[in-house]
Amino acid sequence: MLFDTHAHLNAVQYDEDVEQVIERARAEGVSHIVVVGFDRPTIDRAMELAERYSFIYAAVGWHPVDAVDMTDDDLQMIEQLAAHPKVVALGEMGLDYYWDKSPKDVQQDVFRRQIALAKKVKLPIIIHNREATADILKILQEENAAEVGGIMHCFSGSVEVARQCIEMNFLISLGGPVTFKNAKKPKEVAKEIPLSHLLIETDCPYLTPHPFRGKRNEPSYVKYVAEAIAEIKNVSFAEVAETTTENAKKLFAIDR
């Protein structure tokens, strides 16, 4: 029983074979998938998949790279979708200082507005962070995001930062990089952070784990993330799978 807490099966990379990809995930023991929408087209597709498959859920939000494009109508749409029974979180949201499409002040404003909305609709949030850790932590603190908590998605920071996030009611999600030989920080986090605060994800089609690195990622590969964590922690694969699944179900208020 594996829970891929962050997948983009709504991406164009799956236009030809999404059904087969989902079948492979089920065959490999993936019991739950959250498909993350971050703009109008990907949100529409996430909702479509969540409505078609009983074990697929949706997260809806606005990506920081595209913050400059978000309108009041978009935020209103996200608020309306938050009431849908298959929507389990808002996001992904956050800050991305790697790409320069959206100015930092615009990103920060859109991030704050989505946190406020999450508190209003009482849903956890999924955080995208690229080269913006200090500002992410500052905004989460200032906006009292601990009230709803959520996920530090595809976490690449230090053990110290992970502990700060946990103090603010966030779970730490590890993906494909924890399987990479040279990925020092994710391995340290996997070792030092208790399993009770960890989740697993693929972020597919990106960040494909070893031994498929360089190819398209998919939810069935989340087992390699769980295997890597089990090896690092010197615990069984079953324990990692069971605990991370229970962590996710509790966060997302999923009882099946």
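These legends describe close-up views of a predicted model. Residues are numbered from 1 along each chain as its sequence is written, and side-chain values use heavy atoms, with hydrogens and water left out. Because the model is predicted, local features need pLDDT of at least 70 and side-chain atom pairs count only at pLDDT 80 or more, while totals for chains, interfaces and linings use all residues.

**View 1. Helix α2 and what covers it.**
Helix α2 covers residues 40–52. Helices (H or I, at least four residues) and strands (E, at least two) are DSSP runs, numbered from the N terminus. The expected span of a helix is 1.5 Å times one less than its number of residues. The buried residues of α2 are Thr42, Ile43, Arg45, Ala46, Met47, Leu49 and Ala50. Buried means under 20% relative accessible area, exposed over 50%, and partly exposed in between (1.4 Å probe, protein chains only). The elements that cover these buried residues include α1 (18–27), β2 (30–37), β3 (56–60), α3 (72–81) and β4 (87–96).

**View 2. Strand β3 between two partners.**
Five of the five residues of β3 are buried, so the strand is largely enclosed by the rest of the structure. In a regular strand the side chains alternate between the two faces of the sheet. In β3, Ile56, Ala58 and Val60 lie on one side and Tyr57 and Ala59 on the other, and both faces are covered. β3 pairs with β2 in the parallel sense over five bridges; two strands pair if DSSP finds at least two bridges between them. Isoleucine 56 in β3 is the bridge partner of isoleucine 33. Pairing of β3 with β4 is also parallel, over three bridges, and here valine 60 stands opposite leucine 90 in β4. What is the hand of the β-α-β unit made by β2, α2 and β3? The unit is right-handed: with the strands pointing away from the viewer, the path from the first strand over the helix to the second runs clockwise.

**View 3. Strand β7 and its neighbours.**
Five of the five residues of β7 are buried, so this strand too is largely enclosed by the rest of the structure. Phe170, Ile172 and Leu174 point one way from β7, and Leu171 and Ser173 point the other way. Strand β6 (residues 150–152) runs parallel to β7 and is joined to it by three bridges. In that pair, methionine 152 has isoleucine 172 as its bridge partner. The chain gets from β6 to β7 through helix α6 (residues 159–167), in a right-handed β-α-β crossover. β7 also pairs in the parallel sense with strand β8 (residues 198–200), over three bridges. Isoleucine 172 stands opposite leucine 198 in β8. A right-handed β-α-β unit is made by β7, α7 and β8.

**View 4. The nonpolar cores.**
A nonpolar core is a set of buried Ala, Val, Leu, Ile, Met, Phe, Trp, Tyr and Cys residues joined through side-chain atoms within 4.5 Å. In soluble globular proteins, nonpolar side chains tend to be buried together. The largest core has 77 residues, and those touching the most other members are Leu9, Ile56, Leu90, Ile125, Leu140 and Ile229. Helix α8 (residues 222–233) gives this core its largest share, six residues. A second, separate core of 15 residues includes Val34, Tyr57, Ala248 and Leu251.

Is glutamine 114 buried or exposed? At 2% relative accessibility, glutamine 114 counts as buried; this residue is found in helix α4 (residues 104–121). Leaving aside neighbours within four places in sequence, glutamine 114 is in contact (heavy atoms within 4.5 Å) with Gly61, Trp62, Leu75, Ile78, Leu90 and Met93. Lysine 181 lies in the loop between β7 (170–174) and α7 (184–192). At 83% relative accessibility, lysine 181 counts as exposed.

**View 5. Cysteines without a bond.**
The structure holds zero disulfides, a disulfide being a pair of cysteine sulfur atoms within 2.5 Å. For cysteine 165, the nearest cysteine sulfur is that of cysteine 154, 14 Å away. The sulfur of cysteine 204 is 11 Å from the closest cysteine sulfur, in cysteine 154, which is too far for a bond. Cysteine 165 counts as buried at 1% relative accessibility, and cysteine 204 counts as buried at 0%.
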